[in-house]
Amino acid sequence: MLFGYDQGVLGAVIGLDSFRHDFKDPDPDMEGIIAGIYDLGCFAGAILAFMTADRLGRKGSINVGSWIMVVGTILQTSATERVQMIISRMITGIGNGMNTVNVPIWQAESFKSHNRGAMLIIQSALIALGHPLSTFMGLASRQAEPSSFGWRWPIAFQGVFLVAILLCLPFLPESPRWLIQHGRIEEATQVFAHLGGKDTSINDPKILAERDDVITSVEEEKRLGQATWGEVFTEGPNRNISRVLLGAGPYMFNQWSGINSLAYFLPITFERNIAPTSSLRKSGADRCSSGVRPPAPSAWS
């Protein structure tokens, strides 16, 4: 839900009179910079996740990404100048980009195969729910106008989700696959048993078989050596490029459709052409309806 809320919250406040007053009525170019810099931060965070996920673990990398988002949220909430808002938006994007990469990896390596599709659909539904939540939060905070609390509160509300993540994270298990990759076999066995249910023992044959399957897979990966980027984008006997396109293609075309532009500027577009209050209501309703859609094809694979 944090992902969806974080993407939609700027659109909920950028048209507020208090926001435009505090940032000297930004022109369309500046609005685009403030909005777009967040996505550049997400891109940088996704690249950074490749360097932290294996070194710090899936949980450790999610923890770092969440704390980066905390810093970005504090800086956004306290922003008084355009430069501070731009920098803080990028910082928040970096943290969100890291989490966007690491959370699905952690889910895929921790949940049983028959649960992964359902988890992906639930995750997508929560993202879709976060968008209208941010819009209606902006609608509610409009009552505080002309105080700057009207735009600061919706941005600060991101911290509620971050606190929940940081409080729950210590109680969640590390990825058993990552533990095995780093030679921590006993800990991985305990995680498998924990995920198997409260009455499952570490000596349960099913748990041991599941652990041994992952050990065999990891050893085979080590035997084959480190994959190159060239292998990722070539077909080969493993159909690598087909798998990449199946997993990433739907989301790439999703972005190419301009969905983020709508998320950022739909409220202000309605406001400039309809009315300030009804614009947020219409935008929120639109985001609610956009959440009622079938999942991406990769959810069924």
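Modeller: Helix α1 passes helix α5 in a right-handed crossing. The contact is made on the α1 side by Phe 3, Gly 4, Tyr 5, Gln 7, Gly 8, Val 9 and Ala 12. On the α5 side, it is made by Ile 127, Gly 130, His 131, Leu 133, Ser 134, Thr 135, Met 137 and Gly 138. Please bear in mind throughout that this is a predicted model.

The geometry of this pair can be described with a distance and an angle. The axes of α1 and α5, the latter formed by residues 113-141, come within 7 Å and cross at roughly 30 degrees. An angle under 35 degrees counts as roughly parallel, and α1 and α5 are therefore roughly parallel to each other.

Let us turn next to helix α4. Helix α1 covers residues 2-13 and helix α4 covers residues 82-110; their axes are 11 Å apart and the packing angle is about 155 degrees. Because angles over 145 degrees count as roughly antiparallel, α1 and α4 are roughly antiparallel to each other. Their crossing is left-handed, whereas that of α1 and α5 is right-handed. The residues that meet here are Phe 3, Asp 6 and Leu 10 from α1, and Arg 89, Thr 92, Asn 96 and Thr 100 from α4.

On the α1 side, Tyr 5, Val 9 and Val 13 meet Trp 151, Pro 154 and Ile 155 of α6.

Of its 301 residues, 40% count as buried. Among contacts between residues at least 6 apart in sequence, 76% join residues at least 24 apart.

Ser 61 lies in helix α3, which runs over residues 28-77. Its relative accessibility is 0%, so Ser 61 counts as buried. The side chain of Ser 61 makes a polar contact of 2.7 Å with the side chain of Thr 52. Leaving aside residues up to four places away in sequence, Ser 61 touches Thr 52, Ala 53, Leu 56, Met 98, Asn 99 and Asn 102.

Thr 189 lies in helix α9, residues 185-196. With a relative accessibility of 6%, Thr 189 also counts as buried. The side chains of Thr 189 and Arg 211 are joined by a polar contact of 3.4 Å. With residues up to four places away again set aside, Thr 189 touches Ile 202, Ile 207, Leu 208 and Arg 211.

Finally, a word on cysteine: the structure holds 0 disulfides. Cys 42 is buried, at a relative accessible area of 15%, while Cys 168 counts as partly exposed, at 45% relative accessibility.

How values were computed:
Residues numbered from 1 in each chain as written. Predicted model: local features only at pLDDT ≥ 70, side-chain atom pairs only at ≥ 80, totals over all residues. Heavy atoms only, no water. Disulfide = S-S within 2.5 Å. Buried < 20%, exposed > 50% of the residue type's maximum accessible area, 1.4 Å probe, protein only. Helix = DSSP H or I, 4+ residues; strand = E, 2+ residues; numbered from the N terminus. Polar contact = N/O pair within 3.5 Å; in protein donor to acceptor, adjacent residues only side chain to side chain. Contact = heavy atoms within 4.5 Å. Axes fitted to C-alpha atoms, helices over the stretch in contact; angles between N-to-C directions. Parallel < 35°, antiparallel > 145°, perpendicular 65-115°, else oblique. Left-handed = near helix turned anticlockwise from the far one by under 90°.
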